[in-house]
Amino acid sequence: MHRRTLILGLVATGMTACAAAPNRPLGPDGLPLPTAYIIGPSDEAAVKFRMLDSVNSLRQAARVAPVTLDPQLTAAAATHARDMSVQNRPWLFGADGSSPVQRARRVGFTGRFLGETISESYESELATLTAWMNDERTRSVILDPEARLMGFSWYQEPAGKLWWTLNMGTAPSFGGGFS
């Protein structure tokens with residue numbers, strides 16, 4: 001009797017799981033096609049802090065000091081993410097020819113600017129961070145031992161494309177001035 005109940009319960013659970021599967025179109029390989037990662041207004045703080053926590057976990061594993069979010073570096077990141085969308089290309093220079101250092105100065109950042117990482121994708125912030133960590137140049141920005149401040153932002157187009165920007169810098173009293 002218990003065996004029959006157990007088998008019926010497993011069958012019912014299996015059928016429920018099948019019914020709850022999302023109805024996504026399949027690609028030629030038979031796997032569901034990827035969907036755009038959409039960031040809603042209520043998700044913005046969670047995305048920023050998820051990125052900050054992930055960066056700090058990576059920095060801890062590399063035995064370097066953690067970073068905190070900096071409003072000026074975040075403002076510079078937001079400006080550049082939107083500007084890359086307008087230009088429709090991921091690159092380090094603004095439409096006005098501005099460099100990452102110049103954008104940080106414009107928003108009042110007084111520490112030393114250490115570097116910027118950028119990306120164009122439809123993927124989440126964590127997938128983007130993974131891609132950055134797989135590239136030696138962007139990994140060195142994220143794990144810079146002198147960094148104490150991080151700016152992070154994005155711009156999402158209506159169709160879902162994301163333009164990500166992450167900036168790293170020092171505190172104003174650390175290493176003085178811009179590089």
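## A salt bridge between Lys161 and Glu120

Lys161 and Glu120 form a salt bridge (a side-chain nitrogen of Lys or Arg within 4 Å of a carboxyl oxygen of Asp or Glu), with their closest N and O atoms 2.8 Å apart. Because Lys161 lies in the loop between S3 and S4 while Glu120 is in strand S2, the pair ties together parts that are 41 residues apart in sequence. Lys161 counts as buried at 14% relative accessibility, whereas Glu120, at 34%, counts as partly exposed; buried means under 20% relative accessible area, exposed over 50%, and partly exposed in between, with a 1.4 Å probe and protein chains only.

This is a predicted model, in which local features need pLDDT of at least 70 and side-chain atom pairs count only at pLDDT 80 or more, while totals for chains, interfaces and linings use all residues. Residues are numbered from 1 along each chain as its sequence is written, and side-chain values use heavy atoms, leaving out hydrogens and water.

## A second pair, Glu116 and Arg103

A salt bridge also joins the side chains of Glu116 and Arg103, at 2.8 Å from N to O. Glu116 is buried, with a relative accessible area of 9%, and Arg103 is buried at 4%.

## The sheet

Four strands form an open sheet in the order S1-S3-S4-S2, with mixed pairing; strands are DSSP runs (E, at least two residues), numbered from the N terminus, and two of them pair if DSSP finds at least two bridges between them. Strand S3 (residues 149-156) runs antiparallel to strand S4 (residues 162-169), the two being joined by 8 bridges, and Trp154 stands opposite Trp164 in S4.
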